[in-house]
Amino acid sequence: MFTYWNDYYYIVIIFQAIGVIHALKTGRNQWIYLLIFLPLIGAIAYFFMELLPDLRRGTNTKGLSKMVFPNNDIKEWERKVQLSDSVTNKLGLSNAYAAQKQYDKAIALSLECLSGYYADDPAILLQLAQQYFMNGQYQESIYYFNKLQSKSSTSLKSVEDELLYVRALAGAGETENAENGYKRIIRIHHSLEARYYYGIFLKAQGRNEEAKDQFQNIRTEIKLLPRYARNRNQKWQRLALKEIMLSK
């Protein structure tokens, strides 16, 4: 009996070590205490909440490699920039930095690329808007979103970017514009992600009952979606349920 336990214990230690390494390299320091002092529970929770989503975003060994060695992409793009400091390589390195939450480095590289022939490049403008948002610099994010949209032939082409712009407005304290933006995206795109962030927005305004209604609507509407869409939106259902439980 103890022999079997020892075998399982080593497996737990391996998963614990992987979790700690991954948490340290990706800035998820809030998990360290749980992983160290509750190794079995911590490793299981970390796997399902952090590692598994990372694996699903990758494919097979590539996803596993990114999970365990998250800085490999940075090293590869740094090597490419050393060989040729082209705009393409700099933007690739910028994205790699942003993926590991090194936003200051990411933004600096993106700004370097925004010059000359590429001074008004829509892809770079969008990348800067996204990176400034992720760095909590909402006014700067709004500036680049507005600059992008001022181009006669360019608009925000994805729901995700529209929502990020609205969230930047909320973060910058433009509450009326943000609320109108949330309502528009929900009305036109029926986005459960937008409902979730609108609920968070309402909660921050102290409008708790309205926020709860948004979270409840997510749980109701997801049941009406086809299976592939339900799977894609499971994250928002899970987060909405968490908010409902916290409000009790």
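The model is predicted, so local features need pLDDT of at least 70 and side-chain atom pairs count only at pLDDT 80 or more, while totals for chains, interfaces and linings use all residues. Residues are numbered from 1 along each chain as its sequence is written, and side-chain values use heavy atoms, with hydrogens and water left out.

Q: How much of the protein counts as buried?
A: Buried residues are 37% of the 248. The label means under 20% relative accessible area, with exposed over 50% and partly exposed in between (1.4 Å probe, protein chains only).

Q: Why is leucine 93 called buried?
A: Its relative accessible area is 6%, and the cut-off for buried is under 20%, so leucine 93 qualifies. Leucine 93 sits in helix α6 (residues 87-99).

Q: What is leucine 93 in contact with, leaving aside its neighbours within four places in sequence?
A: Ile74, Trp77, Glu78, Val81 and Leu109. Contact means heavy atoms within 4.5 Å. Leucine 109 is 16 residues from leucine 93 in sequence, with 7.9 Å between their C-alphas.

Q: Why is lysine 101 called partly exposed?
A: Lysine 101 has a relative accessible area of 47%, and the range between buried and exposed is called partly exposed. Lysine 101 belongs to the loop between α6 and α7.

Q: What is the phi of lysine 101?
A: Positive, about 65°, although lysine 101 is not a glycine. Most residues other than glycine have a negative phi.

Q: Is histidine 190 buried or exposed?
A: Histidine 190 counts as exposed, at 58% relative accessibility. You'll find histidine 190 in the loop between α11 and α12, with a positive phi of about 55° although it is not a glycine.

Q: Why are α7 and α8 called roughly antiparallel?
A: Helix α7 (residues 103-113) and α8 pack at an angle of about 160°, with their axes 10 Å apart. Angles over 145 degrees count as roughly antiparallel, under 35 as roughly parallel, 65 to 115 as roughly perpendicular and the rest as oblique, so this pair is roughly antiparallel. Axes are lines fitted to C-alpha atoms, for helices over the stretch in contact, and angles run from 0 to 180 degrees between N-to-C directions.

Q: Which residues meet where α7 packs on α8?
A: On the α7 side they are Tyr103, Ala106, Ile107, Ser110, Leu111 and Cys113, and on the α8 side Ile124, Gln127, Leu128, Gln131, Tyr132 and Met134. That contact has nine nonpolar, three polar and no charged residues. Here Ala, Val, Leu, Ile, Met, Phe, Trp, Tyr, Cys and Pro count as nonpolar, Asp, Glu, Lys and Arg as charged, and the others, Gly among them, as polar.

Q: How do you know what span to expect of α10?
A: The expected span is 1.5 Å times one less than the number of residues. Helix α10 (residues 159-171) has 13 residues and reaches 18 Å from first C-alpha to last, close to the 18 Å expected. Among its buried residues are Leu163, Leu164 and Val166, and their cover includes α8 (122-134), α9 (138-150), α11 (175-189) and α12.

Terms used: Helix = DSSP H or I, 4+ residues; strand = E, 2+ residues; numbered from the N terminus.
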